[in-house]
Amino acid sequence: MGCGRAAGTVLACLLLLRPLPSPACPAACRCSAEEVDCGERALLAVPQSLPANTSTLWLGYNFIAVLGPRSFPPLPGLLLLSLPHNRLGLIHSQALVGLGALQELDLSNNHLTVLTPETFLPLTSLATLNLGSNRLGELEPGVLRALPQLRALLLQDNPWVCSCSILPLWRWLSYNREKVQEKSLLLCRVPEQLSKYPIMAFNNESFRQCQETSLPVQHYIVFLIIGPFSFMASIFFCTFMGSIIVVYHNLRKESHLWRRPCMGRSR
C-alpha cells in the first residue's frame, strides 16, 4: 500500500510539472509543427485560438479589413506574418503588440492609405516589410525609423503623390537605397505630368523650389497667431479713428453754433 501511494504521488507531481498544452489548431486553419495556414478561408478577423509556439502564420487571401487593438494572441515566437490580398484599410496602433520577435511582415495588396509610427513600434526585430500594392500616396519616414532592424522594404505599385510632401520620404529612401527593393517599380502616380516617373530618379535639384519656400512649423504657428491679432487690431484702430472724427465734427458744429449769436448782436 505504501509503495502504491508513493507511486501515485510521483505520478501526480510529474503531471503538475508537465507544460500546459498549446491551444488546438483553429478549425478554419491547417497546422503543422510551428506553421499555421489560415489562407483562403474567407476570414473576417484573425483567429484567436492560435498555438502559442506558432512561428509562421499565413492569413493571405481573406476578407480582413481591420486589425484592431491586440488582434493577435501573444505569439512570442512568431517570425513570419503574411497578410496579403485582404481588405486591410486600418491597422490600430496596438494591433501588433506581442509580436516582438517578428522578422518578416507582408501587408501587400491591401487598401492601406495611412500608417503611423506607433503601429510598428512593437516590431523591434522586423527585417522585411512589404507594403506593395496598397493605396499609399504618402508615407511618414517615422514609420520606417520605428523599425531599427529593417533590411528590406517593398513599396512598389502605390499611388505616390510626387509633390513637396514626398520630400521627407525621398530623403529617407535616398539615404537607405540598399534597403529598398524593386526600386524601378517605385513610381509617381500624381501629378499627371509625373505619372510613372521613378521616385528614385529625383535629386536635390528636383526639390529646390520646395526647400526654398518651405518654412518651419513654428513660423506657421506664428502666422496663425498674428493673423487674427492683426485683424482685431485693425478693427479697433478703425473704430478708434472713426470715434475721433465724429467727436471732432461735433466739436466744430458746437463751436459754429456758439459763434452765430455773437455775430447777430454786433449788428
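Okay, let's start with C162 and C188: those two form a disulfide, with the sulfur atoms 1.9 Å apart. This is a predicted model, by the way. The link between C162 and C188 is left-handed, with -95° about the S-S bond. And it ties together distant parts of the chain: C162 sits in the loop between strand 10 (160–161) and helix 4 (167–175), while C188 is in strand 12, residues 188–190, so to speak 26 residues apart. Are these two cysteines buried or exposed? C162 has a relative accessible area of 9%, and the cut-off for buried is under 20%, so C162 is buried. C188 counts as buried too, at 2%.

Next up, C164 and C210. Their sulfur atoms are 1.9 Å apart, and they form a disulfide. The torsion about that S-S bond is about -80°, so this one is left-handed. C164 is partly exposed, at 40% relative accessible area, whereas C210 is buried at 10%.

C29 is buried at 9% relative accessibility, and C38 is buried at 0%.

If you number the bonded cysteines along the chain, the pattern reads 1-3, 2-4, 5-7, 6-8.

Methods. Residues numbered from 1 in each chain as written. Predicted model: local features only at pLDDT ≥ 70, side-chain atom pairs only at ≥ 80, totals over all residues. Heavy atoms only, no water. Buried < 20%, exposed > 50% of the residue type's maximum accessible area, 1.4 Å probe, protein only. Disulfide = S-S within 2.5 Å. Helix = DSSP H or I, 4+ residues; strand = E, 2+ residues; numbered from the N terminus.
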